[in-house]
Amino acid sequence: MKANKSQSARHIRRRITASVAAILMLLTPTAAVHTTENSIAPAVISESRTVAPYSTVPVYIDGERSATDAYIIENGVTYLPLRTIAEQLLEKPNVYWDSKNGCATVKTDTLTMTAAPGDCYIIANGRYLALSALYPAHNTLVDGVTYVPLRTAVRAMGGKIHWNAHKRAVEITRGSGTITHGSQYYREDDVYWLSRIIYAESGAEPLRGQLAVGTVVMNRVVSRQFPNTIYGVIFDRKWGVQFTPIANGAIYKTPSEESIIAAKMILDGCRISDRALYFLNPRQASSFWIVENRQALFSIGCHDFYA
């Protein structure tokens with residue numbers, strides 16, 4: 001019996017590792033910027049993306065060792081079954097598979113949380129939380145079990161998470177069991193304009209490309225070189241029109257659902273880069289001032305991004 005359990009565990013670990021590694025290899029970016037191991041909200045690309053050897057790490061919740069170890073798959077991204085996290089952090093959660101929408105669901109009196117295999121985010125109380133400080137990461141379905149990155153799940157459940165380098169263990173502190181609802185967290189004006197500039201500039205791009213455009217806008221908001229609001233950045237005319245959709249009116253097109261999701265992920269801290277301030281499509285650009293004066297960082301789809 002013990003041998004059978006051991007073989008089953010090894011089989012699951014191999015399946016998890018193979019599934020996630022395959023996704024990561026397909027989506028590995030061409031360039032990147034830096035992150036910190038303990039950051040929870042921002043999701044950014046790493047300049048040197050190397051897949052770490054598979055291992056497990058112990059998990060402590062409020063100082064007590066959890067019965068289930070976390071699977072560390074890649075560069076600080078640790079995964080656990082969503083049910084395991086929910087049952088250890090929440091009081092009497094209802095955890096089930098929503099076959100109609102194809103996602104794992106967690107419900108309590110104050111939290112509704114869903115995780116669809118293949119998505120790079122968790123939806124918690126209407127908020128779109130990127131799965132990792134090292135984007136991309138994805139919810140993964142293995143033998144009917146939904147695995148999610150531990151940091152994001154803990155954040156969605158109102159807890160705090162810390163990597164103890166000395167113990168080489170994950171330490172979790174239980175919190176409120178919920179997260180502020182999106183209707184209160186997101187400013188309607190910010191979602192409105194950010195989703196429109198994302199859609200107008202990159203609506204035909206994959207989600208990662210749309211997140212990169214949103215990242216540029218938010219990086220400008222915090223830069224002293226630009227206005228300090230999303231609307232101000234989009235309609236900035238200090239050195240002429242900054243974005244083509246402002247000149248041709250495309251900014252007023254109704255955004256796609258994916259562009260709205262990208263905007264909400266950005267507003268919840270997702271970043272593709274902490275340095276990107278400019279981008280252009282070299283096949284359509286009429287001015288190459290950016291190319292001649294700014295540092296090239298990476299390319300996604302039709303766009304090249306610069307610091």
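The second largest cavity has a lining of seven nonpolar, three polar and no charged residues. Here Ala, Val, Leu, Ile, Met, Phe, Trp, Tyr, Cys and Pro count as nonpolar, Asp, Glu, Lys and Arg as charged, and the others, Gly among them, as polar. This is a predicted model, where local features need pLDDT of at least 70 and side-chain atom pairs count only at pLDDT 80 or more, while totals for chains, interfaces and linings use all residues. Numbering runs from 1 along each chain as its sequence is written, and side-chain values use heavy atoms, with hydrogens and water left out.

- The whole structure has three cavities of 30 Å³ or more. On a 1 Å grid over the protein atoms alone, a cavity is a set of points where a 1.4 Å probe fits but cannot get out; a pocket is an open set with protein on both sides within 12 Å along at least five of seven lines, and lining residues have an atom within 4 Å of a point.
- The second largest cavity comes to about 40 Å³, a volume being the space filled by probe spheres set on the points, with grid points joined across faces, edges and corners.
- Its lining includes Val-59, Ile-61, Leu-150 and Ile-172. Strand E2 (59–61) and helix H2 (82–89) are the elements giving two or more residues to that lining, and H2 gives the most, with four. Helices (H or I, at least four residues) and strands (E, at least two) are DSSP runs, numbered from the N terminus.
- The largest pocket has a volume of about 920 Å³. Of its 29 lining residues, Glu-201, Gln-242, Phe-243, Thr-244 and Phe-279 lie nearest the centre.
- H5, helix H8 (244–248), strand E15 (278–280) and helix H10 (289–293) each put at least two residues into the lining of the largest pocket, which splits into 16 nonpolar, ten polar and three charged.

**Aromatic rings**

- There are 13 aromatic pairs in the structure. Rings of Phe, Tyr and Trp (its six-membered ring) pair if their centres lie within 6.5 Å; planes under 30 degrees apart are stacked, over 60 edge-to-face and the rest tilted.
- Trp-193 and Tyr-231 make an edge-to-face pair, because their ring centres are 5.4 Å apart and their planes sit at 70°.
- Trp-193 is in helix H5 (residues 188–202) and Tyr-231 in helix H7 (residues 230–234), so this pair ties together parts 38 residues apart in sequence.
- Trp-193 is buried at 11% relative accessible area, whereas Tyr-231 is partly exposed at 41%. Buried means under 20%, exposed over 50%, and partly exposed in between (1.4 Å probe, protein chains only).
- Ring pairs link Tyr-192, Trp-193, Tyr-231, Phe-235 and Tyr-252 into a cluster.
- The charged end of Arg-196 sits over the ring of Tyr-192, 3.6 Å from its centre. That takes NZ of Lys or CZ of Arg within 6 Å of the ring centre and within 35 degrees of the ring normal.

- Helix H9 (residues 257–267) is mostly covered, with eight of its eleven residues buried; Lys-264 is one of them.
- The cover over the buried residues of H9 includes strand E9 (121–124), E10, helix H4 (182–185), H5, helix H6 (207–222) and H7.
- Gly-269 follows H9 and has a positive phi, near 105°.
- Leu-129 lies in strand E10 (residues 127–130) and is buried, at 0% relative accessible area.
- The C-alpha atoms of Leu-129 and Gly-269 are 8.0 Å apart, though 140 residues separate them along the chain.
- Beyond neighbours within four places in sequence, the contacts of Leu-129 (heavy atoms within 4.5 Å) include Tyr-121, Ile-179 and Asp-268.
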